Amino acid sequence: MKLVYVFDAYCGWSHGFSGTLLDVVSRHRGLPVEVVSGGLFTGGRRVPIREFGYVQGANAKIAEVTGAEFGAAYERLIADGSFVMDSEAAARGVAALRQAAPARAAELAAALQDVFYVDGLSLADPATYRKVAEQAGLDAEAVVAAFQSGESQQAAEADFRRAAELGVTGFPTLLAVDGDHVTPLAYGRADADEIDRRLTALRTR
């Protein structure tokens, strides 16, 4: 069995779920974790953030419900409404970080969301991946090179297909995958204790 976490780095509810994800991973160190980018803002949804009028209200709700932080630098980044959330670029970055440290994919996904939602850094900027890599003790130049490579583009597209094949339609989604059996553990939000109970039930079937 393994955990499959389908998220989008530009999804506020995924940011709110990061703490739960890291808690679950720390409790179940023997379970492999696959991190998949879902592709929330691609194609026609890759538009200035002002076109999503609900963003700040939604973020306030996420912070209230999950305790997630939305930093002043992030608020400044989106203040004039012109910032474009490009999930394809973010997925390329996730792929580059994941390639550098596959066993730390969940930790790196959470770190990537922090640099956007707290530090206000664009996930389309190579310098952002240099910062995340350096903070994680990874080879920053290798991560940036991977982000800018054609392979990361292919990995992002493969992630979007993987999310669709798993039937995921919203983010974040946490699944338990055992062979051909796919069991939802969390959708949107859940705490680590709830997920533990679902995992225990699965294992005792």
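Glu 107 and Arg 104 form a salt bridge, with their closest N and O atoms 2.8 Å apart; the term stands for a side-chain nitrogen of Lys or Arg within 4 Å of a carboxyl oxygen of Asp or Glu. Glu 107 is partly exposed, with a relative accessible area of 36%, and Arg 104 is also partly exposed, at 28%, where buried means under 20% relative accessible area, exposed means over 50%, and partly exposed lies in between, calculated with a 1.4 Å probe on protein chains only. The model is a predicted one, in which local features need pLDDT of at least 70 and side-chain atom pairs count only at pLDDT 80 or more, while totals for chains, interfaces and linings use all residues. Residues are numbered from 1 along each chain as its sequence is written, and side-chain values use heavy atoms, with hydrogens and water left out.

Side chains of opposite charge can pair when their charged atoms come close. A search of the whole structure finds 11 salt bridges, one of which joins the side chains of Glu 34 and Arg 162 at 2.9 Å, N to O. This pair links distant parts of the chain, since Glu 34 belongs to strand 2 (residues 33-37) and Arg 162 to helix 8 (residues 150-165), 128 residues apart; helices (H or I, at least four residues) and strands (E, at least two) are DSSP runs, numbered from the N terminus. Arg 162 counts as partly exposed, at 24% relative accessibility. In another salt bridge, Arg 98 meets Asp 159, with the closest N and O atoms 2.8 Å apart. Arg 98 lies in helix 4 (residues 87-100) and Asp 159 in helix 8, so this pair ties together parts that are 61 residues apart in sequence. Asp 159 is buried, with a relative accessible area of 7%.

From these charged pairs we can turn to the sheet. Strands of a sheet pair through backbone hydrogen bonds, either parallel or antiparallel. Here four strands form an open sheet in the order 2-1-3-4, with mixed pairing, where two strands are taken to pair if DSSP finds at least two bridges between them. Strand 2 and strand 4 are the edge strands, each of them pairing on one side only. Neighbouring strands of the sheet are turned against each other by 25 degrees on average, direction ignored.

Strand 1 (residues 2-7) and strand 3 run antiparallel and are joined by five bridges, and Tyr 5 has Leu 174 in strand 3 as its bridge partner. Helix 4 packs on the sheet, touching strand 1 and strand 2, and its direction makes about 155 degrees with that of strand 2; axes are lines fitted to C-alpha atoms, for helices over the stretch in contact, and angles run from 0 to 180 degrees between N-to-C directions. Helix 8 likewise packs on the sheet and touches strand 1 and strand 2, but its direction makes about 105 degrees with that of strand 2.

Most residues other than glycine have a negative phi, and most peptide bonds are trans. The peptide bond from Phe 171 to Pro 172, however, is cis, with omega near -5 degrees, and Pro 172 lies in the loop between helix 8 and strand 3.

Thr 183 lies in strand 4 and counts as buried, at 19% relative accessibility.

Finally, two helices meet elsewhere in the chain. The axes of helix 6 (residues 126-136) and helix 7 (residues 140-147) come within 8 Å and cross at roughly 145 degrees. Among the residues that meet are Tyr 129 and Ala 133 in helix 6, and Val 143 and Phe 147 in helix 7.

Note on methods:
Contact means heavy atoms within 4.5 Å.
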